[in-house]
Amino acid sequence: MTTAEGAIFDRLTTDGAIAALVGRRIYDGAVPRSAPFPYISFRRISKNGPRHLLGPSTLARARFQLMCWAITAAEARNLANLVRLVIDGLLRTTTGQTFIDTIAHDGESDGYLEPDDGSREAVYYCRADYMVN
């Protein structure tokens, strides 16, 4: 069965503008230390299912966090904007047995990380949450 994670990955890797910037450097979860910038990482940070009078529902709503990483803040923001344009508002996607009704942008923030050992310059990220129904 294809997962929501797989559907997000497929959607991002098949977009020409995103592929031109990151290739296939889109990671579900952990990112290899050797990964060159820019890249995208994502993970599911919560999932809940509504209940009805008869008990739990088979429907689920999940929150995913996508992070666009780059050497400059402008590059991270540009990549995040491309991601939003590709997946925000996605309607009626069926992959295998996973049915996604909507993906909705639910907030964004940016920041940077400086390495503790001084081995390189700071790297920038743009973090966005998406609700998947």
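Helices (H or I, at least four residues) and strands (E, at least two) are taken here as DSSP runs, numbered from the N terminus. The model is a predicted one, in which local features need pLDDT of at least 70 and side-chain atom pairs count only at pLDDT 80 or more, while totals for chains, interfaces and linings use all residues. Residues are numbered from 1 along each chain as its sequence is written, and side-chain values use heavy atoms, with hydrogens and water left out.

Helix α3 spans residues 73-87, and its 15 residues reach 21 Å from the first C-alpha to the last, close to the 21 Å expected at 1.5 Å a residue, where the expected span is 1.5 Å times one less than the number of residues. Its buried residues (under 20% relative accessible area, with exposed meaning over 50% and partly exposed in between, for a 1.4 Å probe and protein chains only) are Ala76, Leu79, Ala80, Leu82, Val83, Val86 and Ile87. Seen down the axis of α3, these residues fall within an arc of 160 degrees, taken from the directions from the helix axis to the C-beta atoms, so they line one face of the helix. The face turned away from that buried side carries the exposed residues Ala74 and Leu85, and just after α3, Gly89 takes a positive phi of about 85 degrees.

In soluble globular proteins, nonpolar side chains tend to be buried together. A nonpolar core is here a set of buried Ala, Val, Leu, Ile, Met, Phe, Trp, Tyr and Cys residues joined through side-chain atoms within 4.5 Å. The largest such core has 26 residues, and those with the most contacts inside it are Leu12, Ile18, Ile40, Leu66 and Val83. At least two residues of this core come from each of α1 (4-13), α2 (16-22), β2, β5 (61-70), α3 and β8 (123-132), with α3 giving the most, 7 residues. Not counting residues up to four places away in sequence, Ile18 touches Leu12, Gly23, Ile26, Ile40, Leu82, Val83 and Val86, contact meaning heavy atoms within 4.5 Å.

Strand β5 also holds Gln65, which is buried, with a relative accessible area of 12%. Leaving aside neighbours within four places in sequence, Gln65 is in contact with residues including Ser41, Phe42, Arg127 and Asp129. The side chain of Gln65 makes a polar contact with the side chain of Asp129 at 3.3 Å; such a contact is a pair of N or O atoms within 3.5 Å, where within protein one must be able to donate a hydrogen and the other to accept it, and residues adjacent in sequence count only if both atoms are side-chain atoms.
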